[in-house]
Amino acid sequence: ADQSFKDFEVIFVDYGSDEDYSMPVKDYLKAFDFISYYYNDTRGMPWNRAHVLNTGVRLAEGEFILFTDIDMVFVPSFMEVNVKQLIPTKQFYQPIYWLPEDFKQYDKLASGQLIDFNTSGTSGKGGLHFISKKALEEIGGYDEYFCFWGREDLDLFGRLELNGIQTNWFPPNKVPVYHQWHPLTSTLSNSQFPDKWWEDMS
């Protein structure tokens, strides 16, 4: 809501939350006319990030797509600075800053001066990704074979490059993006993964 550049839409896809969670979120988002809320009734199915992102792409009306996780904090100039650099033949990523567990200075993040944190580097590909909708459609979007999360980003990155899309990285400190701290929700040993699932996904 605080972005200086206003010509964008937010597609909020609720991937099968129980009503105790989904209804308050849906009601809250009504206050923002640039956000569209969609409920994807996948209750009882495995979490499939590739599927939910493809849903968002199909619903989006813009020329370019920004994939971003919900736990990011953006400085107000983020969209204004970055959209000027977008072109259909390139995909753009940006490292993010990891906020520590005890962080409390959220009122100071808008200044963009709080950047003395570790960054995600260039190994991860999914947290913040600009790409043209046409380029995504040409390769069929995310491969929904990849359930849970992680491998679908690397697969998409590789297929876009094979289709002639060049990769660029925005610097992390020009218009910083911060990742809010939260407890670790998955590890390779977590029982939420079926036996041998991670090996098969690789």
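How many of the residues of α2 are buried? Eight of its eleven, and that makes α2 mostly covered. One note before I go on: this is a predicted model.

Let's stay with α2. It spans residues 49-59. The buried set is R49, A50, V52, L53, N54, T55, G56 and V57. Those residues pack against β1, β3, α4 and α5. There is also a cap at the N-terminal end of the helix, and N48 provides it. A side-chain oxygen of N48 lies 3.1 Å from the backbone nitrogen of A50.

The side chain of R49 makes a polar contact with the side chain of D153, at 2.8 Å. D153 belongs to α5, residues 151-162. Is D153 buried or exposed? The cut-off for buried is under 20% relative accessible area. D153 has 10%, so it counts as buried. Beyond its sequence neighbours up to four places away, D153 touches R49, K125, G126 and Y142.

Next, α5 as a whole. The helix has twelve residues. From first C-alpha to last, α5 reaches 17 Å, close to the 16 Å expected at 1.5 Å a residue. Its buried residues are E152, D153, L156, F157 and L160. Why do these sit on the same side of α5? Because they cover an arc of only 135 degrees around the axis. What covers them? The list includes α2, β5, β7, α4 and β8. After the helix comes G164, and its phi is positive, near 95 degrees.

β5 and β8 are parallel, with four bridges between them. In that pairing, K90 stands opposite Q166 of β8. β5 also pairs with β7. Here the strands run antiparallel, joined by two bridges. F92 has F130 of β7 as its bridge partner.

F130 takes us to the cores. The largest nonpolar core has 18 residues. F130 is among those with the most contacts inside it, together with F78, L109, L128, V177 and Y178. Which elements each supply at least two residues of this core? They are β4, α3, β7 and β9. As general background, nonpolar side chains tend to be buried together in soluble globular proteins.

Back to Y178. Leaving out residues up to four places away in sequence, its contacts include M72, V73 and V75. They also include Y97, L99, L109 and F117. D71 is on that list too.

So where is D71? In the loop between β3 and β4. Its relative accessible area is 16%, and D71 is buried. Apart from residues up to four places away in sequence, D71 touches Y178, H179, Q180 and H182. With H182 there is a side-chain polar contact of 3.0 Å. D71 and G127 are 56 residues apart in sequence, and their C-alpha atoms are 9.5 Å apart in space.

H179 brings in the other sheet topic. There is an open sheet of three strands, in the order β4-β9-β6, with mixed pairing. Which strands stand at the edges? β4 and β6 do, each with a single partner strand, so one side of each is left without a neighbour in the sheet. β6 and β9 run parallel, joined by two bridges. W98 stands opposite H179 of β9.

Last stop, β1, which α2 packs against. V10 is in this strand, residues 10-14. Its relative accessibility is 27%, so V10 counts as partly exposed. Beyond neighbours within four places in sequence, V10 is in contact with F34, I35 and S36. V10 and A60 are 50 residues apart in sequence, yet 8.3 Å apart in space, C-alpha to C-alpha.

To close, the link I would look at on screen is R49 to D153, the 2.8 Å side-chain contact.

Notes
Residues are numbered from 1 along each chain as its sequence is written. This is a predicted model: local features need pLDDT of at least 70, side-chain atom pairs count only at pLDDT 80 or more; totals for chains, interfaces and linings use all residues. Side-chain values use heavy atoms; hydrogens and water are left out. Buried means under 20% relative accessible area, exposed over 50%, partly exposed in between (1.4 Å probe, protein chains only). A polar contact is a pair of N or O atoms within 3.5 Å; within protein, one must be able to donate a hydrogen and the other to accept it, and residues adjacent in sequence count only if both atoms are side-chain atoms. Contact means heavy atoms within 4.5 Å. A nonpolar core is a set of buried Ala, Val, Leu, Ile, Met, Phe, Trp, Tyr and Cys residues joined through side-chain atoms within 4.5 Å. The expected span of a helix is 1.5 Å times one less than its number of residues. The arc is that of the directions from the helix axis to the C-beta atoms. Two strands pair if DSSP finds at least two bridges between them.
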